[in-house]
Structure formats: structure tokens, C-alpha cells
Amino acid sequence: MDITSIFDSKYNIDYLVEIYMAQESKPKKELEEQKEALNQKKEVLNNLDSKMSALKSIVDRLTDPITNYFAQKSATSSDTEKFTVSAGASATAGTHSISVERLASSDTRVSKQFTDTDTSFTGFTTDQTFYIEVAHPTDSDPNNRVSIEITVSASTFSQNDDDVLADIAEAINSAMSNAVLNETIDNDEVVHAYVVSEESGKSRLVLRSENSGYTYRMDFTDSSDNLLNFLEVNSGSQSSGSSGGWITYVGTSPTDSELNSKFNIDGLTFYRDSNHVTDVLSGLTIDLLDTFSTEETITVTSDTEAVKEEVQDFIDAYNDLLDFLKENTQINPDTYNRGLLTDELTYKNIIYDLRNYIMSEVTGVTNTDYNYLFKIGIEPDEDGKLSIADSEEFEEALEANYTNVSDLFRATDGIATRIKDYIERFVTVGGTIDKSINNLESQISSVEDRIDAWDEILAKREQQLRDEFAKLQEMMTSLTYQLNYFSNFFKIS
């Protein structure tokens, strides 16, 4: 190969520059590899934070100071067509008898019957303003009531009866909507007004409270010309035939009003505004669906499956964290690959600390027969991963008393309590992991600055090489011309 041919084209110079730059770029490449390693380590720490946070969320729930999720109960109804029931953690296991004499209903008032084509309201010649009083309970006054003003314009009353009833209904609904918008009442405290046609050509105005019960009854203050009295919606008697009045006896108190549900539990009589009852038996929600005089049964037991799910969530999160720590803080015995956190003693020790918490005795338990996890059927395998190895043992401990399981996790030195305290310092904002990540980000930033510096150095060096090779190319071209000249000269001579 003729050496001069190396410089005989632009492409050959590019090739030479590439070879040189590949050698001189090695320090930059090493920095890029260093940056990649730091980013990988940062990603591992972010994932570790996620997995430890996931476990912390679960131990936070298991140690919730208000709700003991180990005390969860299930409640069953002896006849779900008559009533349904559900239980919360505060419910007490046992059985209760129940019978329902009356279901709650909404206060409903109807006007007397009007003939659509009649003009019965022409006697009202001025605007009519009346008031409907509705319930608006507050924290300080559960019996608070407010009056909603409704005005029907005089022009309304010159129409046929069906149109008048429709306009009165519209005026009532509009006033109620404005009261909600103005936050005078809540949306479920309104009274709805509408017109019904009982038969061809015959209509009534109907007023009905949104909520059921005596508390949400309607009271009225009539207009100056007694429009409500003319309609008979405020009649003190029950609607009958074509007359107006109440549909359900309103009464004068929660106990005599037929708007309230009336039921018996364990021999005691209760009256409530709703059929959705939450305040009779602690932790129980009862929905009354029908009336029945023969006693039915509510049965409350420990919700073993729900508690088992809570514990299984803990086990899953714990095992997931354990797998992650083994992969990233230890040397793989099969491949000998080192985890990215293998040299980080702080993180390497987590796996041992967690195992210690799991295996240690809990001294704060009420029943010392259940002071280790294995005593409720939870055991580690040879890799340290937990499972409910003996479901029967777990269920027996829980059904005997939920505190047998609860104390193991929630006691002052309980497993969930200790793990929660331990993890806190890692995952809290500004904690151990955040500090490690911040340190890595500083290192990454420093490496990036050095890479930028190398970029400038290499750019200058590349230009320098191109300039030098261009001069060499020019020189070689000149020499080639001279060589050719002398060769031709001597041939001629």
C-alpha cells in the first residue's frame, strides 16, 4: 500500500481522526459509565423507597390508633328480604333479635283534587307568599329548622287549574333550589313539588320531603289570602277521597309520628327517621326492608377472612421487600453478580433487622400463649419469606379472641409497631434514602460537569487533528506532484 494514499481523500482523514479520537475519548467514556452506574444505583434506591413505603403503609394501617382492623366483624341477617346488616370493627360478636313494626317514610302532602279546565283560583288577585319550614340540622342544634319563602305571582291565578298547580309546583321547586344554592339548606333537605293526574282531567299538587322521618317533616305558614288552606295541603287530617291533607300521619314527636321507622331489637323499641340505621348497635349498620312481627336474628362474628387478608397484605409486602433486598444487597450465589447496594452496610443490614423483628418475642401481648408469630401459624421458609403456614391455627387464635392476633402486631413492641418505627427513618422526607439519593445526585452532577469539560477538550482536539491531517494531505499532494515531475523529466532525458 502506498503510504501517501492514507491522506489522499477526506474520507481517509475522517477515518484517521476517528481512530485517534476513540483513544483519546476513553476518559470520557469511563465517566459516562460511572454516571450510568450512579443512575442505576439511584434507581435501585428509588425502588427500595417504594417497597419500604408500601410496607409502611400496611403497618400504619395495622397499627391505626382509631380502627383496629384485626377486630373486624361480619354480620349476617336471618332473612335478607326483611333486613340486611353489616358490621364494622367496633361491633361486638354475638346475636340480637329484631322485629320491624313500621318503615320510615317521607312526609307527603297532597292538595285537594282539582278539575283541570276549571278556574278555581281566580279569587286570588294579588301575589301570594307562603313559607315551608324544613329541617336543617346543625352540629350545635340537631333540631334546627328553616323557613323557605315561596311567592306565586298574581297572574298565575287567572289560568286553568292544571296550569295554576304546575306554576305553584315550579315556584316551590325554584325556591328550594335557590335555598340550596344559597346554602340555606342542604340538597337532601328540600321539598319536591309536582302535579299528578289521578284520572282524566283531575289533578292534585303533591309536596314530598326528600328525606324520610319526623325530623324532615314539613310545616307551613300560609299566605295572606290562605292559598295553602285553599289547596288543603296544610290540612291537619289525612287525605281522603278528593280532599287534601297528609298521606302519613305526621304526629307531634318522633315516637308518635308514623314518618319514623319503628322496630324492636333485643326487646327495646326504637324510632328513627330512616330505614338505614347506624346508631342502635355499636359498629352495626342495619337496613330495614320490610315489616315483620316474628323476631329475626342478627349474628355478629369475627370476620376471619377479612383479617386474614389484612395479614396477607403485610406478608406480601414484607416478602416483596425481602426479595428486593436480597437481589440488591447480596451476591447472587449462582451467578456471583453483586447487587448494586452490596457495599452499602446501611441497606445491607435491613434484611437482618427485619428478620430479627419478625422472629423476636412480643412481650406486650395480653395472652402470653400468643407471643410469637409462629404461634398463630405464620412462619418463615428457608429463605426467610413468611406465609400463613397453618390457617387453622391462625383462625383458632383469632376466633378465640381477636387480640391474640392483634397484640402480636399492635402492641408497643408488636411486629407492625417495630417495623413501622424502623422503616420510618428510611422513607421519611429527608430520611436515610433521601440523603443517599441526594448524595448520588451530587456525584452525578459532578460527573456530568467533567463530561462536559471533556466534550470541549475533545472537540478542540478533533479540530486540531483535522487541521494537522489536512496540512499533511496538502504536503503529500505537493510531494506527489514533484515526484511525478522528476519521473517524467528523467524519462525524457
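The crossing of helices H5 and H7 is left-handed; that term applies when the near helix is turned anticlockwise from the far one by less than a right angle, with right-handed used if clockwise. The contact, meaning heavy atoms within 4.5 Å, is made by Phe314, Tyr318, Leu321, Leu322, Leu325 and Lys326 of H5 and by Ile350, Ile351, Leu354, Arg355 and Ile358 of H7.

Before I continue, a note on the basis. This is a predicted model, in which local features need pLDDT of at least 70 and side-chain atom pairs count only at pLDDT 80 or more, while totals for chains, interfaces and linings use all residues. Residues are numbered from 1 along each chain as its sequence is written, and side-chain values use heavy atoms, with hydrogens and water left out.

To complete the helix pair: the axes of H5 (residues 304-329) and H7 (residues 350-359) come within 10 Å and cross at roughly 150°. The two helices are therefore roughly antiparallel, a label for angles over 145 degrees. Axes here are lines fitted to C-alpha atoms over the stretch in contact, with angles running from 0 to 180 degrees between N-to-C directions. Helices (H or I, at least four residues) and strands (E, at least two) are DSSP runs, numbered from the N terminus.

I turn now to strand E12, residues 261-265. Of its 5 residues, 5 are buried, that is, under 20% relative accessible area with a 1.4 Å probe, protein chains only. Ser261, Phe263 and Ile265 lie on one side, and Lys262 and Asn264 on the other.

Which strands pair with E12? Strand E3 (residues 94-102) does so in the antiparallel sense over 4 bridges, and pairing requires at least two bridges found by DSSP. Within E3, Ser99 stands opposite Asn264. Strand E13 (residues 268-272) also runs antiparallel to E12, joined by 5 bridges, with Phe270 as the bridge partner of Phe263. The E12 and E13 hairpin has 2 residues between the strands, and Asp266 takes a positive phi near 50° there.

Ser261, in strand E12, has a relative accessible area of 0%. Its side chain reaches the backbone oxygen of Ser274 at 3.0 Å. Beyond neighbours within four places in sequence, the contacts of Ser261 include Arg102, Leu103, Tyr271 and Leu288.

Finally, an open sheet of 3 strands has the order E2-E15-E14, with antiparallel pairing. Strands E2 (83-87) and E14 (276-277) each have a single partner strand, so one side of each lacks a neighbour in the sheet. E2 and E15 (residues 284-288) pair over 5 bridges, and Val85 stands opposite Ile286.

Technical notes:
Buried < 20%, exposed > 50% of the residue type's maximum accessible area, 1.4 Å probe, protein only. Polar contact = N/O pair within 3.5 Å; in protein donor to acceptor, adjacent residues only side chain to side chain. Parallel < 35°, antiparallel > 145°, perpendicular 65-115°, else oblique.
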